[in-house]
Amino acid sequence: YFDQNNQYPVLAETNLVNIKSLSENGWNQGGENIFYTAPAKFLRSATLTVDKDSYKIKFNLKNSWDFWALTKFSGGECSIVNNIQISCK
């Protein structure tokens with residue numbers, strides 16, 4: 001979506017379970033170009049907030065996450081923002 005429109009489609013903070021798709025017509029709107037289709041089930045609760053220049057996915061981490069080098073981390077509030085930058089508190 002961003003590559004074609006040079007901006008993200010705006011979305012107020014929304015639980016990810018409520019996001020089913022993204023097309024050229026917006027979130028949860030049918031269209032000819034489908035950019036995202038939700039998986040059948042999310043493993044954890046999370047929210048997504050999007051403005052035209054950035055996005056943020058917030059979720060709670062209960063254990064370590066070796067792929068992101070969070071091996072000594074024992075949980076907390078995390079977020080993923082533009083370009084898959086992750087941070088946890």
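These questions and answers walk through one predicted protein model. Residues are numbered from 1 along each chain as its sequence is written, and side-chain values use heavy atoms, with hydrogens and water left out. Because the model is predicted, local features need pLDDT of at least 70 and side-chain atom pairs count only at pLDDT 80 or more, while totals for chains, interfaces and linings use all residues.

Q: How many helices and strands does the chain have?
A: Helices (H or I, at least four residues) and strands (E, at least two) are DSSP runs, numbered from the N terminus. From that end on, the elements run α-β-β-β-β-β-β-β-β. The secondary structure comes to one helix and eight strands.

Q: What percentage of the residues in the chain is buried?
A: Buried means under 20% relative accessible area, exposed over 50%, and partly exposed in between (1.4 Å probe, protein chains only). The chain has 89 residues. Buried residues make up 27%.

Q: Which residue forms a salt bridge with Glu13?
A: Side chains of opposite charge can pair when their charged atoms come close. A salt bridge is a side-chain nitrogen of Lys or Arg within 4 Å of a carboxyl oxygen of Asp or Glu. By this rule the count comes to one salt bridge. Its closest N and O atoms are 3.5 Å apart, and the partner of Glu13 is Lys58.

Q: How many residues apart in sequence are the parts that Glu13 and Lys58 tie together?
A: Glu13 is partly exposed at 48% relative accessibility, and Lys58 is partly exposed at 28%. Glu13 sits in strand E1 (residues 11-15) and Lys58 in strand E6 (residues 54-61), so the pair ties together parts that lie apart in sequence by 45 residues.

Q: Which residue in E4 stands opposite Ser21?
A: Strand E2 (residues 21-23) and E4 pair in the antiparallel sense over three bridges. Opposite Ser21 stands Thr37.

Q: What is the bridge partner of Cys78 in E8?
A: Strand E7 (residues 76-81) and strand E8 (residues 85-88) pair in the antiparallel sense over four bridges. They form a hairpin with three residues between them, and Asn83 in the turn has a positive phi of about 60°. In E8, the partner of Cys78 is Cys88.

Q: How is the aromatic pair of Tyr1 and Phe35 classed: stacked, tilted or edge-to-face?
A: Rings of Phe, Tyr and Trp (its six-membered ring) pair if their centres lie within 6.5 Å; planes under 30 degrees apart count as stacked, over 60 as edge-to-face and the rest as tilted. A search of the whole structure finds three aromatic pairs. For Tyr1 and Phe35, the centres are 5.5 Å apart and the planes are at 80°, which is edge-to-face.

Q: How many residues apart are Tyr1 and Phe35?
A: Tyr1 is in the segment before H1, and Phe35 is in strand E4. Tyr1 is partly exposed at 21% relative accessibility, and Phe35 is partly exposed at 29%. The pair links distant parts of the chain, 34 residues apart.

Q: Which residues form one aromatic cluster?
A: Phe2 and Tyr8 form a tilted pair, 4.6 Å centre to centre with 35° between the planes. Phe2 is partly exposed, at 31% relative accessibility. The cluster is made of Phe2, Tyr8 and Tyr55.

Q: How many nonpolar residues are in the lining of the largest pocket?
A: A pocket, on a 1 Å grid over the protein atoms alone, is an open set of points where a 1.4 Å probe fits, with protein on both sides within 12 Å along at least five of seven lines; lining residues have an atom within 4 Å of a point. Leu22, Trp27, Leu48, Tyr55 and Ile57 lie nearest the centre. Ala, Val, Leu, Ile, Met, Phe, Trp, Tyr, Cys and Pro count as nonpolar, Asp, Glu, Lys and Arg as charged, and the others, Gly among them, as polar. The lining has no polar and no charged residues, and its nonpolar count is 14.

Q: Is Asn6 buried or exposed?
A: Asn6 is found in the loop between helix H1 (2-5) and E1. Its relative accessible area is 61%, so Asn6 is exposed.

Key: Pairing = 2+ DSSP bridges.
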